[in-house]
Amino acid sequence: MKTPIKVTLTGAAGHIGYALAFRVASGEIFGPEQPVILRLLEMPQAMSSLNGVGMELEDCALPLLHDVVLTDDPSIGFRDADYAILIGAKPRSKGMERNDLITENARIFSAQGRAINDNASPNVRVLVVGNPANTNALIAASNAPDLDPRHFTAMTRLDHNRALGQLANKTNSLVVNITRMTIWGNHSMTQYPDVGNCLINGTPALERVTRDWAIDHFIPGIQRRGAEIIQARGLSSAASAADAVVDHVHDWALGTPEGDWVSMSVASDGSYGIAEGVFFSYPVTIKDGEYEIVQGLDIDDFSRNRLDISRNELLSERAVIEELLP
Ligand code: NAD
Ligand code: LMR
């Protein structure tokens, strides 16, 4: 029997947390041979609801779930965590942009960065989901000086999966046959979903769709998808966000398939002219738990402009929360 992996979920009684906890516990992320211990962290006022989640987990009698810890104390929630998935934050409502949440949510991520630094495994991998996710990841990583900033990431996998879905629909193909999708930039209206390198059954996607479709429909469609879901449901995406967490952490732990890559927001190392340190979504390949930014992709004038717009937005978000960066 393998040693259980300890996974902390914050905001575990919320909509995404509820959709995610059971999938982590049933082995969808780490596989059918790998036991897990869940450490579920919530606000004191949500503990009753979290207790209900705990009861339901128990009622599933999941063979891989070795223990569940329910707490509102970050030092217990993050103790020895191998993975910390930071969901707990306020979601936007109709009419808001994701970075309207910046000042409300930023303090959560500075406190949690410190708590992770002091309590988690030294090799912990952190995924930030709570919005604005890229800048929250910057705050959390900056407040965890003893940990490797490469082990902090923010989620653009939902945008990546949305982009696969839209391209599959448009070309009447299957998502499994599409490779090399890329989301560049911020998880926001300035993100740049890029079909320029995509292959469908090994053939360039740009032989099946026009550049005009990409510019007029595909890019704004992915940028606006989160708002469209809020408009339709009255709530922000939850099941699809949980699904994207499963994909992100699965690939981080177990690697990306040969010949393909995924989109992840990671601390920029200056690649593609992006200021070092800001959390920017790049195409990455992953092996043995470590990602590499895909290098050498062609960036034409249109793409350069899109990357710069998103980089500038991230720099202005960073300016707003500068006081939270030690
Ligand atoms: P929700 O309101 O249903 O749940 C959030 C939960 O977090 C609540 O139960 C709340 O009590 C808890 N919480 C708040 N502060 C906390 C803290 N300091 N510690 C622990 N728990 C805390 O919201 P949701 O729909 O689950 O969304 C959560 C976040 O995820 C939002 O910020 C939303 O915008 C974001 N989100 C991101 C993506 C993405 O692709 N990156 C996708 C969907 C949603
Ligand atoms: C999404 O993309 O669905 C989430 O980030 C929620 C939101 O505010 O759009």
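Colleague: Angles under 35 degrees count as roughly parallel, over 145 as roughly antiparallel, 65 to 115 as roughly perpendicular and the rest as oblique; how do helix 6 and helix 8 lie to each other?

Modeller: The axes of helix 6 (residues 157–171) and helix 8 (residues 239–254) cross at roughly 105° and come within 8 Å of each other, and the two helices are therefore roughly perpendicular. This is a predicted model, in which local features need pLDDT of at least 70 and side-chain atom pairs pLDDT 80 or more, while totals for chains, interfaces and linings use all residues. Residues are numbered from 1 along each chain as written, chains are lettered from A and ligands numbered from 1 in the order written, and side-chain values use heavy atoms, without hydrogens and water.

Colleague: How are the axes and helices defined?

Modeller: Axes are lines fitted to C-alpha atoms, for helices over the stretch in contact, with angles from 0 to 180 degrees between N-to-C directions; helices (H or I, at least four residues) and strands (E, at least two) are DSSP runs numbered from the N terminus.

Colleague: Which residues of helix 6 meet helix 8?

Modeller: Arg157, Leu158 and Asn161 do, and their partners in helix 8 are Ser240, Ala241, Asp243, Ala244, Asp247, His248 and Asp251, where contact means heavy atoms within 4.5 Å.

Colleague: Switching to ligand 2, what surrounds it?

Modeller: The residues near ligand 2 (a heavy atom within 4 Å) include Arg92, Asn131, Leu158, Arg162, His187 and Ser237.

Colleague: Which side chains make polar contacts there, say with N or O pairs within 3.5 Å?

Modeller: Polar side-chain atoms of Arg162 and of Ser237 each lie 2.7 Å from an oxygen atom of ligand 2, and an N or O atom in the side chain of Asn131 is 2.9 Å from a ligand 2 oxygen. Taken alone, ligand 2 exposes 260 Å², of which the protein buries 94%, by the Shrake-Rupley method with a 1.4 Å probe.

Colleague: And which residues come nearest to ligand 1?

Modeller: Of the 25 residues around ligand 1, those are His15, Glu42, Lys90, Val129 and Asn131. A backbone N or O atom of Lys90 lies 3.0 Å from a ligand 1 oxygen, whereas a polar backbone atom of Val129 is 3.2 Å from a ligand 1 nitrogen. Ligand 1 alone exposes 860 Å², and the protein buries 87% of that.

Note on methods:
A polar contact is a pair of N or O atoms within 3.5 Å; within protein, one must be able to donate a hydrogen and the other to accept it, and residues adjacent in sequence count only if both atoms are side-chain atoms.
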